[in-house]
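Hi,

Here is the structure I promised to pass on. Have a look at it first, and then read on for what turned up.

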There are 2 protein chains.
Amino acid sequence: MEDENTPGTRRPGGRTARTRAVVVAATLAELGEYGYGGLTVEGVARRCGVHKTTLYRRWGGVDGLLCDALDAANDDTWLPADTGTIDGDLREIAREVVRGFTGPQAPVPSAVIAAAFQSERAAAALRGFFAVRHRRCAVAVARAVERGELPADVDAVDLVRTAVAPLYYRLFVSREPVGLDDADRAAATALAAVRATAHRG
Amino acid sequence: MEDENTPGTRRPGGRTARTRAVVVAATLAELGEYGYGGLTVEGVARRCGVHKTTLYRRWGGVDGLLCDALDAANDDTWLPADTGTIDGDLREIAREVVRGFTGPQAPVPSAVIAAAFQSERAAAALRGFFAVRHRRCAVAVARAVERGELPADVDAVDLVRTAVAPLYYRLFVSREPVGLDDADRAAATALAAVRATAHRG
């Protein structure tokens, strides 16, 4: 079986896994620097030292590289911080969004969000990325339900969406400044709504 | 004074105003069809029948055309619907977002959101557009305060952001499906949070 030549094949530690890691890193670096419009197989090849014919053969092209980079982003072991309360956990989830999109590394994730406007495949990969992220964030909500902080029927993913959406809205829609205070307020608002609905129900 | 040759000069009904109207319409149509990357002065000139040297002289180029189109978007008389309750008004504001970005005309506003990723001037124009939109939506919140539905110290713009942000998040970040039920839920969540905070305060 020629598994090693199939994009997305996971073999941690192998030669293919190492190649994939450098290609993914180069793809994200190129994307952050030049945007989707400036992302080329040649640029990625030059940056990571893997021959472009290898990239074309294994990733197909720019969209294949970008989608694999997004798939790889979920290979990490990221989980929401466990602060002991859902208020703290949700605040941290929201703060990570602000940090990620305003810090020095912001051009990379911002370019990924932008690429989805220009490529259907990138949009689908982004959808997949956030679906996994949502499920991981739901772990914090499940902990809160176990502790009796939230009602058992809370919609965990919707709570997470409500907590982070105003930050993305400021960043990419209304183009307003965004800071950690906005993160704290968005998280508190999302929880206030869930608790109010539970009390009424 | 050569006011007529200054972009953004408002003289409703005059020759300049008519020219501006057809140029703005052509700019938005080109943007919706080809995106920011495919927006050219030549394409706009061809579509509206105004000579490209006129466009270059009065608008400077692609970014000038796009920014003026965004400025012009706020020359309308749009105000949030007055349904008699803040619940109804906020639901309508949220539903308009869903209708605007999922209906047949969706490519135009979506392309404007996308353009802001590629042009600082477009981002600034988008920020200006939403600042005006926010102020207009605040009218509905002021009505609610007058009726005693909401506390006087409610942050009107933040309430509006909370009601619409989850819709933009689904559309352009997590790339999830979005429908009128999502609009209704987002509006209800935003109000529940404001009311819960008021009751505690």
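A word on terms before anything else: two residues are in contact when they have heavy atoms within 4.5 Å of each other. Please also keep in mind that this is a predicted model.

Leaving out residues up to four places away in sequence, Thr189(B) touches Thr162(A) and Ala193(A). Thr189(B) lies in helix H9 of chain B, which covers residues 180-200. Is Thr189(B) buried or exposed? Its relative accessible area is 18%, and since buried means under 20%, Thr189(B) counts as buried.

Over in chain A, helix H9 also runs over residues 180-200, and Ala188(A) sits in it. Ala188(A) is partly exposed, because its relative accessible area is 44% and that class lies between 20% and 50%. I also looked at Ala188(A) against Ala29(A): the two are 159 residues apart in sequence, and their C-alpha atoms are 34 Å apart in space.

Now for the two chains as a pair.

Next, helix H1 of chain B, residues 15-34. H1(B) has 20 residues and spans 28 Å from its first C-alpha to its last, close to the 28 Å expected at 1.5 Å a residue. Its buried residues are Thr16(B), Thr19(B), Arg20(B), Val23(B), Val24(B), Ala26(B), Thr27(B), Glu30(B) and Leu31(B). What covers them? The cover includes four helices of chain B: H2 (41-48), H3 (52-59), H4 (62-73) and H6 (107-118). After H1(B) comes Gly35(B), with a positive phi near 75 degrees.

Positive phi also turns up away from glycine. Arg175(A) has a phi near 55 degrees, positive in a residue other than glycine. Arg175(A) is in the loop between helix H8 (156-172) and H9 of chain A, and at 13% relative accessibility it counts as buried. In chain B, Arg175(B) has a positive phi of about 55 degrees, although it is not a glycine either. Its place is the loop between helix H8 (156-172) and H9 of chain B, and Arg175(B) is buried too, at 13% relative accessibility.

Last, the cysteines. How many disulfides are there over all chains? The count is 0, taking a disulfide as a pair of cysteine sulfur atoms within 2.5 Å. Cys48(A) is in no disulfide, and the nearest cysteine sulfur, that of Cys67(A), is 17 Å away. Cys48(A) is buried, with a relative accessible area of 19%. For Cys48(B), also in no disulfide, the nearest cysteine sulfur belongs to Cys67(B) and is 17 Å away. Cys48(B) is buried, with a relative accessible area of 18%.

Cheers

Technical notes:
Residues are numbered from 1 along each chain as its sequence is written. Chains are lettered from A and ligands numbered from 1 in the order in which they are written. This is a predicted model: local features need pLDDT of at least 70, side-chain atom pairs count only at pLDDT 80 or more; totals for chains, interfaces and linings use all residues. Side-chain values use heavy atoms; hydrogens and water are left out. Helices (H or I, at least four residues) and strands (E, at least two) are DSSP runs, numbered from the N terminus. The expected span of a helix is 1.5 Å times one less than its number of residues. Buried means under 20% relative accessible area, exposed over 50%, partly exposed in between (1.4 Å probe, protein chains only).
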